[in-house]
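Have the sequence and the model open as you read.

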Amino acid sequence: MKAIYNIFMKRTSTYAVAIMGSVFFFERGFDVFADTLFESTNKGKLWKDIRANYES
Amino acid sequence: MALRLSSSLLKSGNGQALQQLNKFSTSTKTWSRGQKAFATFAGMTIGGAGALLYALESSVSASSDNVHSPHQNWSHNGLISSLDHASIRRGYEVYKQVCAACHSMQYIAYRNLVGVSHTEAEAKAEAEEAQIKDGPNDLGEYFMRPGKLSDYFPSPYPNEEAARAANNGAYPPDLSWIVSARKGGEDYIFALLTGYVDPPAGINLREGQYYNPYFPGGAIGMAQALYNEAMEYSDGTPATASQLAKDVSVFLKWASEPEHDVRKRMLIKAAGIFTILAALTYYIKRHKWSALKTRKIAYYPKHKSQ
């Protein structure tokens, strides 16, 4: 905890970079999670599941 | 302020001071009489208005003579359930082969099918089958040409008057947003398409009218259009009347709410993010207030003897 504080949060510069970096990874991760949930719930019903039948 | 309050607390008649202090307290408040009266009044007003609206709505529903469409177990029912895109594709076939003879869908374009029910090549092929009026050309004349992706579905009649003239004065409504435009939505479409019966005794229908209990008034200008094996699906699904009705209902649902799937996908994201934010807000509030909440103010009166 102390190491995290010293490395990332002690200076405004590193703090800002840490926030922007973590937001990027969190947002990507959260999006992937939400899309996976949606696509697994609706498996077989979505266009991406049936498009292979119609593409030659 | 604090000093004045605490000194007045020591007096016997300290009701006023307690009232004032109450406003600064972070503990569960005891409500004053006025506050209680106001809350009761507000609760009764809101509750009464809600009950009145519900009663009015129910009486409106009860006053009409048409049968209410039963709720069907759609696969897109549910908070995060998407539309069945194979069904949308079959529903498009039903629209094209059956409904499009009388009903326009002038706000849906062939490009809208791409990535929903058809590939781009297929949607182009669908568009090219249609003849679209375009122009004017170099000579100032209008001409017919094969459709493009950007073209909207062609209408069976040039205008409403022509549509009425061809249908005994009844106007086949545009189907672009029909699911949103009818009470009951896709349940109504399905019930109407499968609900044709012989008119009960005492109901006299004019020439070119049919009886459908789900249609307001019962007398509908549209004949039953969907029968078992009325057409064939390209994917081999048995084309029973209820299957045709179900697929075209899903197709029209998609046409009315093309954002349906995106909306439900976004619900997961929005609900998730707001849950996290609510938890954070709650934690930070407790964290920041903990110092205030746990402090103790003591009052030590000066003894006169000292």
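A191(B) sits in helix 8 of chain B, residues 185-194. Helices here are DSSP runs (H or I, at least four residues), as strands are runs of E of at least two, and both are numbered from the N terminus. Because its relative accessible area is 3%, A191(B) counts as buried. Buried means under 20% relative accessible area, exposed means over 50%, and partly exposed lies in between (1.4 Å probe, protein chains only).

Which residues touch A191(B), leaving aside its neighbours within four places in sequence? They are S69(B), P70(B) and Y214(B). Contact means heavy atoms within 4.5 Å. Y227(B) is 36 residues from A191(B) in sequence and 14 Å from it in space, C-alpha to C-alpha.

## About the model

This is a predicted model: local features need pLDDT of at least 70, side-chain atom pairs count only at pLDDT 80 or more, and totals for chains, interfaces and linings use all residues. Residues are numbered from 1 along each chain as its sequence is written, chains are lettered from A and ligands numbered from 1 in the order in which they are written, and side-chain values use heavy atoms, with hydrogens and water left out.

## The annotated domain

UniProt, in an unreviewed entry, places "domain: Cytochrome c" at residues 86-238 of chain B. UniProt positions follow the numbering used here, feature names are shortened, and annotations may be inferred rather than shown by experiment. The span is 28% helix and 8% strand, and its end C-alpha atoms lie 14 Å apart.

F38(A), K45(A) and W47(A) supply 40% of the area that chain A buries against chain B, more than any other three residues. Buried area is the accessible area (1.4 Å probe) that two parts lose on being put together, summed over both. The contact takes 16 residues from chain A and 24 from chain B.

Four salt bridges cross this interface. A salt bridge needs a side-chain nitrogen of Lys or Arg within 4 Å of a carboxyl oxygen of Asp or Glu. D31(A) pairs with K269(B), the closest N and O atoms being 3.4 Å apart. On the side of chain A that touches chain B, helix 2 (12-41) and helix 3 (47-50) are the elements that give two or more residues. Helix 2 of chain A gives the most, with nine residues.

## Salt bridges across the structure

Over all chains, the search finds 22 salt bridges. R265(B) and D35(A) form one at 3.0 Å, N to O. This pair runs from helix 10 of chain B to helix 2 of chain A.

Within chain B, E129(B) meets K96(B) at 3.1 Å. E129(B) is in helix 5 (residues 120-129) and K96(B) in helix 4 (residues 85-97), so the bridge ties together parts 33 residues apart in sequence. E129(B) is exposed, with a relative accessible area of 54%. K96(B) is partly exposed, at 35%.

E186(B) and K253(B) also meet in a salt bridge, at 3.5 Å. The pair links helix 8 to helix 9 (residues 241-256) of chain B, 67 residues apart. Are these two residues buried or exposed? Both E186(B) and K253(B) are buried.

H260(B) lies in helix 10 of chain B, residues 260-294. H260(B) is buried, with a relative accessible area of 1%. Beyond its neighbours within four places in sequence, H260(B) contacts H76(B), S81(B), S82(B), L83(B) and K253(B).
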